[in-house]
Amino acid sequence: MHQQSQWPRARRLLASTGCWLLLLTGLLVVPSSTAGAASTYLCTGYTACQKAGYKHHGYAGNNKTMYWRMYAGHNCTNYVAYRLVKAGMPNVRPWSGSGNASNWGAAMSKITDGTPRVGAVAWWRANVPGAGSSGHVAYVEQVVSPTEIVVSEDSWGGDFHWRRITKSGTGWPSGFIHFIDTEIVNVEPPKITDAPAVGSTISATGGRWQPAANLRYQWLADGKAVSGATTSSFAPPPALRGKRLALQVTAQKAGYTAASVVAPAPAPVAAGTLAAATPPVITGEPYVGEVLRAGGAGWQPAAESLVYRWLADGELIPQQTGPELELSAAHVGRSITARVTARAAGYLAAQQFSSPTAPVLAGTIEVTSPYRVTGQVRDQVQVGRRLQVAPGTVVPAEARVSYTWLRDGAPIPGATGTTYDVVAADLGRAISVQVDHSLARYSPLTAIVPAGPRVTTPAEMRVKAVGKPLRAVVRVKLLAPGTTPAGSVTMTVQGRAQQVALTGGTARVVLTGLKAGQRRIVVRYGGVDPVLATQGAVKVFVPKRPKRPKR
């Protein structure tokens, strides 16, 4: 070997990196790998490994940084320190003294053993197969079996690799350092609190784990995994009725050995319950001879088959099992209900009832000839007139008839006979009579018979005229029961017409330019709703203009 003074740089490198080096013929030789006879390279180089699916976990972009005070670059100790820091450890070397790889297991002997785990540090002593004088460390990526592992590593002066190592032959690590790969411990088991039933969602707690971890769920039925059932809640399908459910919870965390716990359900999967979604509805009229139909019943989930039964006042009607029922005399006076029973595989049968119908009636009352209202004047309903119902004919004839007079569709208090006297309060309103028919076990019948157009009132015209030389003073007064006529009147005399407005039902006008003699003045009123039109006439003598005396 060369003197220490001759190799100061090499010694510093060996002391700081800990990756094994070989000294041959006075030259520093850095091998490309640490492989022993029982190892196989899976990939070489950051880029090539990444493309092949073997990650460098970002070290290619961070290898210029020193971790745990190890030399940067291609260096086994710096790479493993980087992986441990990335997994959550502080960037502080957890021991004092040499950082050589050969010293890692010795310095951390309390957490070093012969058991490989994912996330553990594979460690080689100095000068053992697979390591040089400074030893070697790698990161355990996969534990295939207790005698086969896959590691990722970097080497001083060499390159990045993924490597498969088997215990047969040489090159198996001297030990495994367990910085962060301790097994996850279940401190509170998962629990299924609900009794499972077909179609009903049951939930489970994931339990408590130390340390906290990501949880993966898998439901089991009689010990076999249920396809797609990988969440903490699950609704058993019909095929699982009667089977024993359990939930397998697996806790995972980077750098730790995963752990699983199976929580059993408290009981086998029971039959489900079909939930009522929409109730059945009966259509059709409840009369003898009519057909009632039941439909619209719905369940969640959907039923596979439906069975219909009919009940009269709550009692089953014999031999009626379809969705239709023809009403007969035996059903008169009784309310009909439909009961629908739903069935589906894995579920208990479920029933829904419709709302009951009104009591079944023997038939309907029919009007064979119409009712009429008489008492109008030229089809006009006028104040002061008496209206009377002219009865029609009905079948059955024994139906009882009653009358109610209406004003604009509302009952007039006390007006319940066959006649009605039109009063001033009816002006402008529509008068009609409601005829009600009733008979036991028959559907009641109501008919509305209009009396005519809206109520009007006749106008009485009074005309007076006083003749003056070549003119006449005319006074007109209009009277109408229940109201004061409005609008205007038109006066015609000598072929000339003049319109005069009414004020309080009266009008006064002086007609001039009249010829002397007997004159007839015609007054016409066109009517303003609800007052009807009318007209009148008056004769007046128009004297001549007196002659002026001669002076």
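## A buried histidine

The side chains of H437 and Y371 are joined by a polar contact of 2.9 Å. A polar contact is a pair of N or O atoms within 3.5 Å; within protein, one must be able to donate a hydrogen and the other to accept it, and residues adjacent in sequence count only if both atoms are side-chain atoms. The model is predicted: local features need pLDDT of at least 70, side-chain atom pairs count only at pLDDT 80 or more, and totals for chains, interfaces and linings use all residues. Residues are numbered from 1 along each chain as its sequence is written, and side-chain values use heavy atoms, without hydrogens and water.

H437 sits in strand β38, residues 431-438. Strands are DSSP runs of E, at least two residues; helices are runs of H or I, at least four; both are numbered from the N terminus. H437 counts as buried because its relative accessibility is 2%. Buried means under 20% relative accessible area, exposed over 50%, partly exposed in between (1.4 Å probe, protein chains only).

## A covered helix

G88 follows α4 and has a positive phi, near 125 degrees.

## Two nonpolar cores

A nonpolar core is a set of buried Ala, Val, Leu, Ile, Met, Phe, Trp, Tyr and Cys residues joined through side-chain atoms within 4.5 Å. The largest has 41 residues; W219, L245, W310 and I336 touch the most other members. Strands giving two or more residues to this core include β14 (214-221) and β17 (245-252). Apart from it lies another core of 28 residues, including Y67 and W95.
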